[in-house]
Amino acid sequence: MSHDLTLSDTVPDEARDAIRDAILAHNDEMLGPTDRRDLMIPIRDEAGKVEGGLVGYTGRGWLYVTLLYIPERLRGQGLAGRLLQMAEEEAKARGCTGAYIDTINPDARRAYERQGYEVFGALENFIGDFSITWMKKRLA
């Protein structure tokens, strides 16, 4: 059977959803139903507008931090560590045994290392001298 394969530089939402849903169904069949739950810790400005924070999810015993952003004016105050600690505590309460995160930012990498994360993979010189680094931490 031949397949009509086409390349596109746009991704319709329904196509993305169909592919994602098929992967999730396959994973549930292979690994059992997921216990995935979202997690968010926003940083708000004086008006209550979200200007940074942490977004991630827990599932299958792990916390994955998908986004972590500290506004420039708040950096250097330990907020990244506090956000990670809060997320890790919630992950432990949800039964997680580990956490992982990735970054291309060398400053963020150092912040994560201070929080106990260790490198388990990297794509060196991804762009210029910058590498993508994957980090993990076992939760006690």
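Me: In this predicted model, how do you know that the span of helix H1 agrees with its 19 residues?

Reply: At 1.5 Å a residue, residues 13-31 should span 27 Å, and the end C-alpha atoms of H1 are 26 Å apart, so the two values agree. Just after H1, Gly32 takes a positive phi of about 95°.

Me: How many aromatic pairs does a search of the whole structure find, and what makes the pair of Trp62 and Tyr100 edge-to-face?

Reply: The search finds four aromatic pairs. The ring centres of Trp62 and Tyr100 are 6.0 Å apart with planes at 70°; pairing requires centres within 6.5 Å, and planes over 60 degrees apart count as edge-to-face. The pair is therefore edge-to-face. Because Trp62 lies in strand E3 and Tyr100 in strand E4, this pair ties together parts that are 38 residues apart in sequence.

Me: Why is the pair of Tyr64 and Tyr100 called stacked?

Reply: Their ring centres lie 4.6 Å apart and their planes are at 20°, whereas stacking requires planes under 30 degrees apart; the pair is therefore stacked. Tyr64 is in strand E3 and Tyr100 in strand E4, so parts 36 residues apart in sequence are tied together.

Me: Why is Tyr64 called buried?

Reply: Tyr64 has a relative accessible area of 18%, and buried means under 20%, so Tyr64 is buried. Trp62, at 24%, is partly exposed, and Tyr100, at 27%, also counts as partly exposed.

Me: Which residues do ring pairs link into a cluster?

Reply: The cluster consists of Tyr57, Trp62, Tyr64 and Tyr100. Arg36 lies over the face of Tyr57, at 3.6 Å from the ring centre.

Key:
Residues are numbered from 1 along each chain as its sequence is written. This is a predicted model: local features need pLDDT of at least 70, side-chain atom pairs count only at pLDDT 80 or more; totals for chains, interfaces and linings use all residues. Side-chain values use heavy atoms; hydrogens and water are left out. Helices (H or I, at least four residues) and strands (E, at least two) are DSSP runs, numbered from the N terminus. The expected span of a helix is 1.5 Å times one less than its number of residues. Buried means under 20% relative accessible area, exposed over 50%, partly exposed in between (1.4 Å probe, protein chains only). A charge sits over a ring if NZ of Lys or CZ of Arg is within 6 Å of the ring centre and within 35 degrees of the ring normal.
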